[in-house]
2 protein chains.
Amino acid sequence: MGGRAVGAKDSRGRRATLQTVADEVGVSRTTVSNAYGRPDQLNKDLRERIFDAARRLGYSGPDATARSLRRGRAGAIGLLFTETLSYAFADPYSVGFLRGVAEVAEASGTGLLLIPMPPRAYGPAGDKDAPVPPGNDDPETAVRNAVVDGFCLYCVPVGHPAKALIRARGLPMVTTDERDDPSIPYVGIDERASARLAAEHIVRLGHRRVAVMVDQVVAPGTSGPATVEEQLASDCGDLQGRLGGYRDALEEVGVDWRSVRVVAAGRNSRSAAASAAAHFLDVADRPTAVLAIGDVLALGVLDACEQRGLVVGRDISVAGFDDVPEAERARLTTVRQPMGEKGRIAGRLLLEPPEEQKVPRIKLPTELVVRATTGPAPH
Amino acid sequence: MGGRAVGAKDSRGRRATLQTVADEVGVSRTTVSNAYGRPDQLNKDLRERIFDAARRLGYSGPDATARSLRRGRAGAIGLLFTETLSYAFADPYSVGFLRGVAEVAEASGTGLLLIPMPPRAYGPAGDKDAPVPPGNDDPETAVRNAVVDGFCLYCVPVGHPAKALIRARGLPMVTTDERDDPSIPYVGIDERASARLAAEHIVRLGHRRVAVMVDQVVAPGTSGPATVEEQLASDCGDLQGRLGGYRDALEEVGVDWRSVRVVAAGRNSRSAAASAAAHFLDVADRPTAVLAIGDVLALGVLDACEQRGLVVGRDISVAGFDDVPEAERARLTTVRQPMGEKGRIAGRLLLEPPEEQKVPRIKLPTELVVRATTGPAPH
DNA sequence: TTGAAAGCGGTACCAT
DNA sequence: ATGGTACCGCTTTCAA
C-alpha cells in the first residue's frame with residue numbers, strides 16, 4: 001500500500017482545495033465544484049477522474065464554511081436555551097421537545113446547533129427594536145456567531161435581547177412562549193387554560209387549601225415562597241400563564257389567591273422540589289393539595305410526601321404538568337401536552353417558512369390525565 | 001419614533017454589510033471590523049459613531065459564516081450519534097455525557113452541533129484510510145457539511161465511514177469507543193473490567209444461571225436471544241467489552257458462556273427491555289440473576305419482574321451498568337461510571353488538543369455500587 | 001460540456 | 001489610530 005493519506009494536506013503541506021484538485025486534473029475549479037454539487041453537469045469519466053485525484057490529494061470535498069458563505073445557507077438551525085445546556089437536558093419535557101425539533105431537522109438534513117444562554121443579568125427590556133449595542137460578550141456573542149439559518153427559542157424570557165439580535169440578523173425564529181412578542185411565530189399550548197384544568201380538578205375534589213410549586217420566580221437558584229408581586233413580575237411567560245390558570249380556577253370557588261402559598265424550588269429539578277416542599281409541608285396549616293407547574297417538580301413533591309409518611313392521593317393530592325414518561329409510572333395526575341409535536345411544528349416553521357403574511361400562532365391541544373396522586377380533600 | 005428597523009436590509013433592500021457601514025461613516029472596512037473585533041484598535045468616539053451607523057442601517061455585526069471562513073474557525077464542535085437524535089436524548093447516560101461536553105463547550109463559547117447518523121447500511125469496513133467516495137447522500141453529507149472545528153463521536157460503530165471522512169477533512173475527533181481505531185483520541189472506561197465487577201458480584205452471591213440483557217446485537221429493532229457468533233460479530237465496541245467482562249467472570253467459575261441467554265431488547269429503552277425480558281423470565285429454567293449492559297435496560301427488567309410478582313433481590317437478582325440517577329431510586333445494583341466527566345474530558349480534548357505526539361487514551365475509574373436488587377442465589 | 005470572472009462578507013498583515 | 005490589499009474557498013451566472 002502506498003503512503004497513507006495524511007490529514008488533508010497536499011504534497012506541500014497545504015490543505016487541498018478545489019483549485020488543487022482542478023490543477024491536478026487539468027480542469028477548472030468550476031468543473032470540480034460541479035463534480036461534487038451537480039453531477040449531471042459533467043461526464044461520468046471526468047467525474048471519476050476528479051474523485052480519483054481528490055482521493056489522491058486527500059481532498060474531502062468542498063469546505064463546509066466556504067460553501068455556506070457562498071450559498072447563503074448554513075444548513076443548521078439554532079436552539080436557544082436560557083438554562084445552562086446542562087439543565088436543559090435534565091427535564092424529560094425539554095428532551096421531548098428537542099426530539100421533535102430534531103426529527104424534522106434530521107429529515108431535511110439540517111443540523112441542530114445548541115446555544116446556551118446561561119441566565120445572566122441583561123439590561124432593561126425597553127427599546128426592543130434597536131439592535132443590542134454590540135461589543136458585549138455573552139450571550140449576544142453566541143447568537144451573533146451562530147452559523148444557522150434560523151432560531152428556535154426555548155424558554156427565553158420575554159424581552160430578552162437575543163430576539164432583537166436575531167431580528168437584526170434577519171433570520172427567522174420561532175418561540176414557544178405564549179406571551180412573547182406577537183411578531184414572532186409561535187407554537188405552544190394555551191398555558192392558562194391548561195393549567196386551569198389541573199386546578200379545576202383539584203377544586204372539584206373539594207380542595208381549598210392548596211400550594212403551588214414552581215421552578216423559579218425572581219432569580220434562578222432562589223427558593224422559597226414568592227409574593228404575588230414577585231409572581232407577576234416574572235419574565236417567564238409560561239410561568240405566568242400557568243399561575244394564571246390556577247388562580248382562575250381557585251378564585252372561581254372563592255379561594256383568595258394570596259392565601260395560596262407559591263413556592264419556588266430554585267431550579268427545575270426533582271430534588272430541589274423535594275427540599276422546597278418543606279415550605280408548605282412542614283407547617284401547621286398544611287395544604288391538602290399541591291399544584292406543580294411541571295412534572296419534574298411534582299415528582300419531587302411526591303418524594304417529599306413519601307419521606308414524611310404522607311399517603312399521596314389520600315392525605316394530600318398532587319398534580320403536575322407535562323405528562324413526562326415518569327409521570328405514568330408514578331401514577332401522577334397531570335396535564336398532558338404534546339411536547340414532541342410542539343417540537344416538530346417549531347422545526348417545520350423554521351425550515352419551511354409559511355408563505356402567508358400572518359405570523360403563525362399555533363396552539364396545540366392539552367388534556368387532563370387523572371391518575372392516582374389526586375383524591376378527595378380529607379375530611 | 002422613526003420607521004422601525006426592518007430586518008437587516010439597508011435602504012435599497014440589500015443586507016447591510018461591513019462596507020455599508022464603512023461607507024456611511026466614511027471609514028474603511030477594516031476600521032468597522034476592528035470596531036467589533038478589536039475595540040482597542042480605534043478610539044472610543046469613532047467606535048460609537050460606527051455602532052450608531054450600524055444601528056441606523058440595521059447592521060447586526062459581522063456575518064458569522066464569513067467570519068468563520070476568514071478566521072478558519074467554526075466556533076462549534078460536532079456531536080456525532082449513531083442513533084436517531086431522538087433516542088440519543090432518551091437515555092440519562094447519554095444525557096449525562098452530553099452535559100459534560102456541553103459544559104466545557106459553553107465555558108469556551110463554543111457551540112454544539114448535533115449530527116444525527118441514523119443507522120443505515122454502509123459499505124464494508126475495509127480500506128479505512130481512503131476517503132469515502134464522495135457523492136453519496138446521507139450520512140456522509142452531514143459530516144461533510146458540518147461547520148465545526150472537531151467531532152465528538154458517540155456510539156459510532158467501529159469502521160464507520162464517518163471516521164475516514166473526518167480524518168480527510170483534517171479535523172480532530174475523539175471517541176468513547178475502546179475498540180476504535182487507536183489513532184483516534186479516546187476517553188472512556190475499561191468496559192470489560194467494569195462489566196466484570198458486576199458479574200463477579202453476582203457470581204459471589206452464588207448465581208450460576210444468569211441471563212444478559214443488551215440493547216441490540218445484530219440490527220436495531222431486532223429483539224430476542226442472540227447467539228455467541230452474533231455477539232462477536234457486533235460492531236459496537238462497548239457491547240463487546242461488557243459482554244467480555246461478564247463472560248470472564250462467569251467462565252472463571254465454570255459457567256459455560258453458551259448457557260448464558262443473551263437477549264436483545266431491540267433498542268435501548270425501558271419498555272423494550274421489559275418486553276424482551278419475557279425471553280428468559282417466562283421459561284422453565286429461569287435465571288437467578290440478570291445482567292443488563294445499561295441501567296435503562298435493567299430498569300425495564302425490574303418492571304418485568306414486578307409484573308410477574310417476582311421479588312427482586314430475593315427471587316431474582318438484577319444488576320445494571322452506568323448508575324443513572326433513576327438507579328438510586330430503584331435501589332439498583334450497578335456499576336458507576338463518571339459520564340459527566342467523560343463528556344468534559346472529551347470536550348476538552350477537542351477544544352485544547354494536547355501538544356504531545358501520543359494519541360491520548362484516557363480511562364476513567366468505575367466502581368461497583370451494591371444496592372438492593374441483588375441478593376444471594378435462591379436455594 | 002467546460003471555463004473565466006465576479007463575488008459571498010470578512011479579517012489580518014503591513015503600511016501610513 | 002486608520003486604511004489598502006490580498007485572500008479565505010467556494011458557487012454561480014454567462015459566455016465559449
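## Helices α6 and α16 of chain B

In α6(B), the residues B:Pro92, B:Tyr93, B:Gly96, B:Phe97, B:Gly100, B:Val101, B:Glu103, B:Val104 and B:Ala105 meet B:Met339, B:Gly340, B:Lys342, B:Gly343, B:Arg344, B:Ala346, B:Gly347, B:Arg348 and B:Leu351 of α16(B), where contact means heavy atoms within 4.5 Å. By class, this contact of α6(B) with α16(B) has nine nonpolar, five polar and four charged residues. Ala, Val, Leu, Ile, Met, Phe, Trp, Tyr, Cys and Pro count as nonpolar, Asp, Glu, Lys and Arg as charged, and the others, Gly among them, as polar.

The axes of α6 (residues 92–107) and α16 (residues 339–351) of chain B come within 7 Å and cross at roughly 40 degrees. Axes are lines fitted to C-alpha atoms, for helices over the stretch in contact, and angles run from 0 to 180 degrees between N-to-C directions. α6(B) and α16(B) are therefore oblique to each other; angles under 35 degrees count as roughly parallel, over 145 as roughly antiparallel, 65 to 115 as roughly perpendicular and the rest as oblique. The crossing of α6(B) past α16(B) is right-handed. A crossing is left-handed if the near helix is turned anticlockwise from the far one by less than a right angle, and right-handed if clockwise.

## Basis of the model

This is a predicted model, in which local features need pLDDT of at least 70 and side-chain atom pairs count only at pLDDT 80 or more, while totals for chains, interfaces and linings use all residues. Residues are numbered from 1 along each chain as its sequence is written, chains are lettered from A and ligands numbered from 1 in the order in which they are written, and side-chain values use heavy atoms, with hydrogens and water left out.

Helices (H or I, at least four residues) and strands (E, at least two) are DSSP runs, numbered from the N terminus.

## Helices α1 and α3 of chain B

Helix α1 (residues 18–25) and helix α3 (residues 44–57) of chain B have axes that come within 9 Å and cross at roughly 120 degrees. That makes α1(B) oblique to α3(B). The contact joins B:Thr20, B:Val21, B:Glu24 and B:Val25 of α1(B) to B:Leu46, B:Arg49, B:Ile50, B:Ala53, B:Ala54, B:Arg56 and B:Leu57 of α3(B). Its residues divide into seven nonpolar, one polar and three charged.

## DNA strand D

There are 24 residues around DNA strand D, and A:Leu18, A:Ser33, A:Tyr59, A:Arg70 and B:Thr31 come nearest. A residue is near a strand if one of its heavy atoms lies within 4 Å of it. By class, this surface has nine nonpolar, eight polar and seven charged residues. α4(A) gives the most to it, with four residues.

Polar contacts are pairs of N or O atoms within 3.5 Å; within protein, one must be able to donate a hydrogen and the other to accept it, and residues adjacent in sequence count only if both atoms are side-chain atoms. Phosphate oxygens of DNA strand D lie 2.6 Å from a side-chain N or O atom of A:Tyr59, 2.7 Å from a polar side-chain atom of A:Arg67 and 3.1 Å from a backbone N or O atom of A:Asp63.

## DNA strand C

Of the 26 residues around DNA strand C, A:Thr31, B:Leu18, B:Ser33, B:Tyr59 and B:Arg70 come nearest. Sugar and phosphate make up 57% of the atoms of DNA strand C that come within 4 Å of the protein.

Bases of DNA strand C are contacted by arginine side chains: a polar atom of A:Arg70 lies 2.8 Å from a base nitrogen, and one of B:Arg70 lies 2.7 Å from a base oxygen. A polar backbone atom of B:Leu18 is 2.7 Å from a phosphate oxygen of DNA strand C. α4(B) gives the most to the surface near DNA strand C, with four residues.
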